[in-house]
Amino acid sequence: MDMEVDERALNDKLIEIEYLRRELEESINTLSSLQYAQESTASWLLGLDDVQKGVNKVLVPYSNEIFFDGEIKNTTSPLVNIGSNIFKRMNLDNLKSMLNERLKVLNENIQSLLKGINEMQDRSKKLEDEVSSIYEKYRDSQMK
């Protein structure tokens, strides 16, 4: 009966490790997406700072790989795609404030996700140690 308990405990731990592995993989993918959004938002803010400093020369995309030299004429109220190709004219300061808030939320979400990933890694390590211990006991009982 003891051997059956060990096999069941081992199987339960292995299932839990697999579940954690999948959850960890999903969390890492989410982290990657959040970090991309964080980098994009920070880049947009830097670009808006340049515009406010008078930099108005830009590359205008014609397609993904073709650009033309361009110049921004109105640097005070950009049009912002707010979703579904709906554009809203915004005050530059309000836009920067919105982007800074978005960056703050992204940073908080990234930190929270990193904490969760660390906790999952710690739990996974403990489970692996438990599996090793159970397996050792099981192996020892088989040798008797």
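Does Tyr62 count as buried or exposed? The model is a predicted one, and in it Tyr62 has a relative accessibility of 62%, so it counts as exposed, the cut-off for that class being over 50%. Phe68, with a relative accessible area of 48%, is partly exposed.

A search of the whole structure returns one aromatic pair, and it is formed by Tyr62 and Phe68, whose rings are arranged edge-to-face, with 5.7 Å from centre to centre and 85° between the planes.

Turning to the chain as a whole, the protein contains two helices and four strands, which follow one another along the sequence in the pattern α-β-β-β-β-α. Its radius of gyration is 26 Å, whereas the globule rule gives 15 Å for 144 residues, so the protein is more spread out than a compact globule. The C-alpha trace spans about 85 × 30 × 25 Å along the principal axes.

As for burial, 22% of the 144 residues count as buried, and the accessible surface of the protein amounts to about 10900 Å², with 52% of that area belonging to carbon and sulfur atoms. Among the contacts with a separation of 6 or more, 61% are accounted for by residues 24 or more positions apart.

Technical notes. Residues numbered from 1 in each chain as written. Predicted model: local features only at pLDDT ≥ 70, side-chain atom pairs only at ≥ 80, totals over all residues. Heavy atoms only, no water. Rg over C-alpha atoms; globule rule 2.2 N^0.38 Å. Buried < 20%, exposed > 50% of the residue type's maximum accessible area, 1.4 Å probe, protein only. Contact = heavy atoms within 4.5 Å. Areas by Shrake-Rupley, 256 points an atom, 1.4 Å probe, with all protein chains shown as cover. Phe/Tyr/Trp six-rings, centres within 6.5 Å; stacked < 30°, edge-to-face > 60°.
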